[in-house]
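Here is a friendly walk through one model, a few spots at a time. Have a look at the sequence and the structure first, and then we can go through it together.

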Amino acid sequence: MRSVTSRGRIPALDGVRGVAILLVVLGHASLLQRPPEWLRVTAQPLLSSELGVLVFFVLSGYLITSILVRERERTGSISLRAFYTRRALRIWPAFYAYLAAAAVLASAGAIAASGREIATAGVYVWNYAPGGSNWWLGHTWSLAVEEQFYLLWPLALLLLGTRRAFRLAVAILACEPALRVVEYLAWPDGRGRIPVYLHTRADSLMTGAALALLPVAAPALAERLRRATVRTPVVLAAVGGLLLFPYASDRLHGGFDLTVGWTLANVSTAFLIAVALGPGGRVRRFLEQRWLTTLGVLSYSLYLWQQLFLTDADPWLPRNAALGIACALAAAWLSHTLVESPFLALKERFSRTDAAPPRPPADAPVAAAP
């Protein structure tokens, strides 16, 4: 299984991003212009924005952990300052550009968003803010989960080291279903917020983190996983699990999602990421298609801007899904070209290039670098 070892992009992982954002966009578009019932049922796996966000979470956990582990192996330490600077340059410019546009539109009366709601989104606490139901800013809950993960997980790696961090990730993955059930039973008024809290969705991120830590923390298990990624029945089972998730979620509702649903989808997603990083096969060839990798490159900006165009509350667009998608793609391309790309180039300056000192033991805590 390949790891994220260079600054170059891995096309198959861009393809995974492309699949995730496609699920989000098609899911929201189906709310804007409801398809015929036969098509909705047949294409239900492609209309699951919830599954798309879950895939983003697992991939993010994998990528962030891979970057941190790679830096530790190369330099013997992790620079938190450099990490947070890179994350800020990656996430903040496009996000605050969208937020500024939302503020202008709200001031003009084109959308409904209060100053308090904009501020709540702007400091990445939407997922814990009471009454967060504004459509135009509602998708910032997932960005809040990501930012909270960025804040906590590097510190955990510093304090625990790779082996103990791996055990923590597996423990969170195993315990989260029970935690969600306890929260569901103990706090009835907060049941609708369980899908957006960090502490009840951390298992998606930790599944990706465990995958990244596996070669260091459990090499024998990593080798078994590598062999499984070239076995067609196992790959088909993982793909089938993801395709069946939206059907089961729609029919069994929260009882399925909170207990086994999200866990099974997390593990299936992690396995398909391992397939994408493996020696090849049909899944990887599909993920490396140009149209899908292009969607993956645009996925962050597209996730931000689709919220403005894929809703029947739009005052400036007719109720037409194709037009909404086209407008979202155009806005995403402009955001990526004018906002994201210049800051991504600047971000590379903060990639560490120091000569690597002697490598510490794999289970030693990571030394903090200034």
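Is A331 buried or exposed, and what is its relative accessible area? A331 is buried, at a relative accessible area of 15%; buried means under 20% relative accessible area, exposed means over 50%, and partly exposed is in between (1.4 Å probe, protein chains only).

A quick word on the ground rules. This is a predicted model, where local features need pLDDT of at least 70 and side-chain atom pairs count only at pLDDT 80 or more, while totals for chains, interfaces and linings use all residues. Residues are numbered from 1 along each chain as its sequence is written, and side-chain values use heavy atoms, with hydrogens and water left out.

**Around A331 and helix 14**

You'll find A331 in helix 14 (residues 321-347); helices here are DSSP runs of H or I with at least four residues, numbered from the N terminus. Leaving aside residues up to four places away in sequence, A331 touches W305 and F309, where contact means heavy atoms within 4.5 Å. From A331 to I10 is 321 residues in sequence, and their C-alpha atoms are 25 Å apart in space.

Helix 14 also packs with helix 4 (residues 80-107). From helix 4 the contact takes in R86, R87, L89, R90, P93, A94 and A97, and from helix 14 S335, V339, E340, F343, L344, L346 and K347.

**Two helix pairs**

Two packed helices are described by the angle between their axes and the distance between the axes. Axes are lines fitted to C-alpha atoms, for helices over the stretch in contact, and angles run from 0 to 180 degrees between N-to-C directions.

| Helix pair | Angle | Axis distance |
|---|---|---|
| helix 4 and helix 14 | about 165 degrees | 9 Å |
| helix 7 and helix 8 | about 135 degrees | 4 Å |

The angle of about 165 degrees makes helix 4 roughly antiparallel to helix 14, and the angle of about 135 degrees makes helix 7 oblique to helix 8. As for the cut-offs, under 35 degrees counts as roughly parallel, over 145 as roughly antiparallel, 65 to 115 as roughly perpendicular and the rest as oblique.

What about the residues in these contacts? For helix 4 with helix 14 they split into eight nonpolar, one polar and five charged. For helix 7 with helix 8 they split into 23 nonpolar, five polar and seven charged. Ala, Val, Leu, Ile, Met, Phe, Trp, Tyr, Cys and Pro count as nonpolar, Asp, Glu, Lys and Arg as charged, and the others, Gly among them, as polar.

**Helix 9 and its two sides**

Which residues of helix 9 (residues 219-228) are buried? They are A222, L225 and A228. These cover an arc of only 115 degrees around the axis, so they sit on the same side of helix 9; the arc is that of the directions from the helix axis to the C-beta atoms. On the other side of helix 9, A220 and R224 are exposed. The buried residues of helix 9 pack against helix 8 (198-217), helix 10 (232-252) and helix 11 (254-276).

**Two loop residues**

Y124 lies in the loop between helix 5 (115-122) and helix 6 (135-138). Y124 is not a glycine, yet has a positive phi of about 60 degrees, and at 7% relative accessibility Y124 counts as buried. G190 is in the loop between helix 7 and helix 8 and counts as buried too, at 16% relative accessibility.
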